[in-house]
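Please look over the structure below before reading on. The report then takes up a chain interface, a helix pair and a loop residue.

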Amino acid sequence: MSGTLQISLKINGESRVLHTAAHSSLLNLLRDNGYFDVKCGCEQGDCGACTVLLDGIAVKSCVILAMNCDGHEVRTIKGLGGHDRLTSRLQKAFVEHGAIQCGFCTPGMIIAAGDYLRHDGRADREQIRRAMSGNLCRCTGYQKIIDAVYEVAAELESEVCG
Amino acid sequence: MGSRILLSDFAYLAPTTLAEALQILAEKQAVKILAGGTDLLLRMKLGTISHVDYVMDIKHIKELNYACLCDEKQCGSTANGAFCIGPTATLNQIAKNGDLSRLFPAQREAILAMAATSVRNRGTMAGNICNASPVADSAIPAICYGAALTLQSRRGKRIVALEDFFRGPGETELEKDEMLVNIALPVPPADSGAAFIKKSRVKPDIAKISLGVFIERDGTLIKRCRIAMGSVAPLPLYVQKISEGLAGLEMNEQLIAKTAQMVKAALKPISDLRTNQEYRRAISSVLVEEGLRLAWRNAGGELK
């Protein structure tokens, strides 16, 4: 009944026409087409490894149907790092703070942190923890991740104030 | 668990007008409405919803996306008007609205206590309500604020009070051809206040138990009170009799203690994977006490 459906969307700034099935998630669509920087973790909307930006807003791609994204714009971590200044700063801070171990959660973590900071996120550890609560990490114990996001948040605040 | 793709095979429908959506509901069988999808897709993956022939995505219906103050009487608003929420308004879209934050702080708090940002960016309040979980966070304060739902089909519209919408876990008042098209929160009068309290492992988790209270104050008397609780019954529970019995009474610590004991005695919670019935019953009276005090203070009242 589902068959193959055609979908037009923009991925990392590039217009793509792709084929998918009605039951395919955005996560499946992306990985089936080589966007392996989007990680497949729990597939239940819990772990946040599959977080991408959909029309500029952070979402979990495993609980979104691919067909929902027809005509919309998706950005994965590869389409942000090196292109978006904030993302690059977060990536650098993650490296400097040792906030990366196995790296599996990192794309989702960086996108979630970027979403927080783009929406007036403050340099407040409690707020950062809340904002990142939808992203799980089994290596770092979170402290270093929080430190990295806090550092960028504090820099942004001092840039605005100073 | 661990399904790679959705188990069910279904056709994807994306109507662009409400009329088209209502026609689909009237004509086709086994249609599931998809608003945000954060509950629906998960339940389809886990197989707790079976037999879906059509998934109807309503996000393309522009007229259903709003969250704003409105003074039209047809949405079930009162003299003061209402804050109206369309079925595709996301949880974050609602929580970030200035009017909602100012007039319905307990509603905002409940929404922000739900899941993670990236889920709230997608999930909707209409979906949370139609999913009809006994623990639905957004439903608890909405019941207290007196929310009215507009259900529409090709046969017409009807307005149902939120507390009358739920029938049991996953079961609602919606007929097969109907859809929830509006949630109206009546603007509260002056001298009123509300509270929302949720007990969970960590804040964004699903609640072990939750409580909402709305109080309208007349000097030192309670003019009107509405208490609702989550995760203590097969549906989001409006504690009707006890709430209504408070009208006209003098607010004081004795009344608070007495009410808390009455609620505790009336509840028949169950044990499940989040906590057991003993905890739910024991903590319920504490929540009611805290909630009544907080709502009273938020209504501008003092407690001796």
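What follows is a short report on this predicted model.

## The interface between chains B and A

Chain B touches chain A with 33 residues, and 26 residues of chain A are in contact in return. Together the two chains bury about 2,500 Å². Of that area, 55% is on carbon and sulfur atoms. Salt bridges between chain B and chain A number 0. Polar contacts are present: 7 residue pairs, both partners at pLDDT 80 or more.

Which elements of chain B supply at least two residues each to the side that touches chain A? They are β1 (11-13), α2 (40-46), β3 (54-57) and α6 (117-120). The most comes from α2(B), with 4 residues. By residue class, the side of chain B that touches chain A holds 16 nonpolar, 9 polar and 8 charged residues.

## A helix pair in chain B

Two packed helices are described by the angle between their axes and the distance between the axes. In chain B, helix α11 (residues 253-266) and helix α12 (residues 277-298) have axes that come within 8 Å. These axes cross at roughly 145°. The crossing of α11(B) past α12(B) is right-handed.

On the α11(B) side, the residues in contact include B:Ile256, B:Ala260 and B:Val263. On the α12(B) side, they include B:Ala282, B:Val288 and B:Leu292. Charged residues take part too, among them B:Glu253 and B:Lys264 in α11(B), and B:Arg281 and B:Glu289 in α12(B). The contact as a whole divides into 8 nonpolar, 4 polar and 5 charged residues.

## A loop residue and its partners

Where does B:Leu235 lie? B:Leu235 sits in the loop between β13 (221-230) and β14 (237-238) of chain B. B:Leu235 and B:Pro134 are 101 residues apart in sequence. In space, their C-alpha atoms are 4.0 Å apart.

B:Pro134 is one of the contacts of B:Leu235, leaving aside neighbours within four places in sequence.

Methods: Residues numbered from 1 in each chain as written. Chains lettered and ligands numbered in written order. Predicted model: local features only at pLDDT ≥ 70, side-chain atom pairs only at ≥ 80, totals over all residues. Heavy atoms only, no water. Contact = heavy atoms within 4.5 Å. Buried area = accessible area lost by both parts, 1.4 Å probe. Salt bridge = Lys/Arg side-chain N within 4 Å of Asp/Glu carboxyl O. Polar contact = N/O pair within 3.5 Å; in protein donor to acceptor, adjacent residues only side chain to side chain. Axes fitted to C-alpha atoms, helices over the stretch in contact; angles between N-to-C directions. Left-handed = near helix turned anticlockwise from the far one by under 90°.
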